[in-house]
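Work through the following exercises with the sequence and the coordinates open beside you. Each task is followed by a solution that goes step by step.

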Amino acid sequence: MDPIIVVGPDGVENEFPAGTDDATISRAMAEAYPVDQEAQAAPGAEGAPAADAPDPATASDGTRWNDNDGDGNIDYRNSWQGVNEAQAQAWADQVNAGQINPNFPPGTNENPFVIPENMPDEQIQDLIERGVTYIDREGRTQRKADDLYGVYVGAARPAINTMNWLENGVQAVEGALGGEGWDEGFHDWRLENTRYATQEGYDELEALSRQAGARPGRGGQLAGAVAATAPLALATRNPWLVGAGEGALSSNADDAMGLARDTAIGAVVGKGSDVALRGLGAMIDPQIAAPTRRLLDEGVELSPGQLAGGLAHRLEDATTGVPGIGELPNAAQRRAQESVVRVAAQRPLTSIGVELPRNLQTGHEIIDYTQRAVGDAYDELIPQLDVRLDQQFAQEFNALRASARNMQAPQAEMFERLIMNEIAPRFNAAMGPANGRITGESFKELESILGREVRDFSTGLASPHDRRYANAVREVQAQLRDMLARGNPAHAERLTGINDAYRQLAVLEDAANRAPAGARGRFTPEQLNTAARNADPSVRRRAAARGDALFMDLSQDAGEIMARTVNDSGTATRGVITAGLGAAFLNQSLNISVNPWAVGALAFGAIPYNRTGNRLFTAAMANRPEWAGTLRGALDGNRQFGVLGSVASNQVERNEGRMERDEANMAADERNRWMAVQERMEASGLGSTQQGPY
């Protein structure tokens with residue numbers, strides 16, 4: 001084997017036996033050619049070698065002893081020093097961390113060599129002769145992210161734009177007032193005092209960062225952009241204005257059209273992020289509407305759409321008309337209506353201390369149970385009472401009798417006959433020896449007669465005049481029961497509860513009578529509201545006009561929350577939903593297959609529509625921890641800063657894209673120069689070298 005020849009700095013050839021390892025050769029050369037450290041000039045000083053010059057202590061021409069194994073790759077320890085120190089250190093760190101193979105130094109396919117900026121063609125030729133394999137790799141992929149530099153990049157653009165606009169303003173004032181040199185003076189002042197708030201200073205730092213192997217970190221850019229434009233968020237909460245201002249301040253455009261585009265993009269992104277942040281706040285702590293909260297507190301079971309309201313309610317209502325899956329929201333909304341019937345029936349039962357059984361299914365069953373429960377409570381109490389006529393009853397009864405004469409003739413006559421045939425005989429019997437007392441049995445009979453009259457003339461088919469007659473009879477009942485309570489103070493509380501139950505029951509009976517045949521007595525909130533208005537005994541129904549009549553709180557809350565929200569019969573909306581579901585479930589026309597993601601999404605979305613899932617959903621929506629409200633309050637109170645951050649993030653990504661494109665263009669230019677140098681070398685007979693992929 002041939003000996004290894006190494007040429008020293010003095011041009012003398014030093015011979016080593018074949019197979020001598022690199023470490024032995026390096027030690028021998030270092031001893032033979034020691035470096036005078038004190039005489040060595042500092043890099044960059046006059047007479048000192050350039051930072052990217054070959055190291056004279058290790059190589060004079062570098063054409064042979066850097067290629068000890070003859071494979072065409074460079075030994076990095078003795079390679080050309082044009083690779084900046086940051087890249088060299090990064091490579092060494094990766095070797096030490098075991099991230100790259102030290103047997104493949106920079107310049108190979110495994111460890112790409114990044115050409116330093118503005119490398120002279122002579123140095124490119126030197127690298128080619130040494131066997132460096134050029135890899136087409138943008139410089140940014142080899143540069144480390146620097147968040148401190150990123151803060152500058154993020155903050156610099158708003159500062160540069162602001163100063164540019166000020167400079168333009170100075171020019172405009174100069175033109176208007178006829179001054180001279182103002183704009184030049186302002187520009188010189190900028191360069192001297194705020195150099196890095198100018199494009200020149202920005203470009204200077206960008207070039208230095210490339211030389212140092214650094215690139216602006218994304219996090220730093222975002223922080224810098226938000227900090228520089230924070231006054232926007234302090235000046236206004238309007239997301240359109242905050243976004244537009246951020247878009248304009250962070251714009252890289254150099255013309256009016258580009259500035260307008262960035263401003264418009266910022267405004268749209270700002271509004272979109274504001275909507276998203278509102279949605280996030282609603283997820284953290286849903287704001288349950290007051291009517292919804294009252295219904296939940298009373299035990300009404302709302303469907304998911306009715307509970308969430310807004311868009312969710314509209315989509316749910318539209319989905320009820322979609323074949324197949326529409327049965328899920330339909331069933332949930334039916335349960336909601338049934339729960340209103342149950343909650344309404346529980347009110348009179350609560351007055352007498354009775355709980356409505358859970359196993360009652362229809363409105364008829366619920367009304368029947370309530371009637372019997374209230375009647376039983378009354379029947380149990382009557383034998384214990386002293387039924388005595390009093391002056392207040394006489395006055396109230398006479399006033400009602402006089403008012404009843406204003407009804408239509410047939411109804412007025414019926415009311416008068418009822419008085420003469422059923423009420424007056426009992427009153428007359430109570431006079432004289434009875435001393436105003438009515439037997440309990442007689443009172444119960446009168447109650448029964450009056451109740452039958454109320455039921456017979458309050459049916460759904462009854463005319464308005466018959467209903468007015470029924471209301472007058474119902475008022476007689478109420479007067480009798482109030483008289484009973486006054487005459488029995490020991491039982492007043494129980495009697496008051498029973499009387500309240502009777503009044504409420506009368507409204508429920510009227511509402512159930514208004515339900516259509518197929519509903520089986522399950523009345524709607526609207527039907528309950530109508531019954532409540534009709535039962536209002538106040539003059540000109542003033543209580544109903546105020547919303548204070550019996551059950552109007554429940555009927556109006558339920559009517560508002562459960563009202564249908566699809567006003568066009570759902571045709572258009574349901575068509576869109578049906579088409580969307582079809583597209584989600586089925587793939588291309590003839591090759592039809594079920595989309596498993598769509599099936600999974602539908603199954604997940606169906607969970608809140610069964611009874612157990614609905615209870616869990618309601619609990620999750622309505623019972624949030626206290627910190628959720630605090631968090632939402634903080635989010636809502638500072639949402640404009642979130643808008644600012646979103647727009648800034650969008651600008652950062654666009655800036656990153658611009659820098660990536662610039663780096664790619666630079667890499668392409670360097671690649672073309674590399675190939676041009678190689679072509680010249682081949683044309684001059686210097687031969688070709690192995691090249692990596694482009």
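**Exercise 1.** What span should the 29 residues of helix α9 have at 1.5 Å a residue, and how far apart are its end C-alpha atoms?

*Solution.* Before any value is used, note that this is a predicted model, in which local features need pLDDT of at least 70 and side-chain atom pairs count only at pLDDT 80 or more, while totals for chains, interfaces and linings use all residues. Residues are numbered from 1 along each chain as its sequence is written, and side-chain values use heavy atoms, with hydrogens and water left out.

Helices (H or I, at least four residues) and strands (E, at least two) are DSSP runs numbered from the N terminus, and the expected span of a helix is 1.5 Å times one less than its number of residues. For α9, residues 256-284, this rule gives 42 Å, and the end C-alpha atoms are 42 Å apart, which agrees.

**Exercise 2.** Determine which residues of α9 are buried, and against which helices they pack.

*Solution.* First apply the accessibility classes: buried means under 20% relative accessible area, exposed over 50%, and partly exposed in between, with a 1.4 Å probe and protein chains only. The buried residues of α9 are G258, D262, G266, A267, G270, S273, D274, L277, G281 and I284. Next, with contact taken as heavy atoms within 4.5 Å, these buried residues pack against α8 (239-249), α26 (626-637) and α27 (639-683).

**Exercise 3.** Characterise the aromatic pairs F186 with W189 and Y378 with Y502.

*Solution.* Rings of Phe, Tyr and Trp (its six-membered ring) pair if their centres lie within 6.5 Å, and planes under 30 degrees apart count as stacked, over 60 as edge-to-face and the rest as tilted. By this rule the count comes to 8 aromatic pairs. F186 and W189 form a tilted pair, 5.9 Å centre to centre with 35° between the planes. Both residues lie in helix α5 (residues 182-193), 3 residues apart, which is about one turn of the helix; W189 is partly exposed, with a relative accessible area of 40%.

The pair of Y378 and Y502 is edge-to-face, at 5.4 Å centre to centre and 85° between the planes. Y378 lies in helix α14 (residues 363-381) and Y502 in helix α19 (residues 492-514), so the pair ties together parts that are 124 residues apart in sequence. Both Y378 and Y502 are buried. Finally, the charged end of R481 sits over the ring of Y502, 3.5 Å from its centre, where the criterion is NZ of Lys or CZ of Arg within 6 Å of the ring centre and within 35 degrees of the ring normal.

**Exercise 4.** Where does N488 lie, and is N488 buried or exposed?

*Solution.* N488 lies in the loop between α18 (464-486) and α19. With a relative accessible area of 6%, N488 is buried. Leaving aside its neighbours within four places in sequence, N488 is in contact with L385, D386 and L495.
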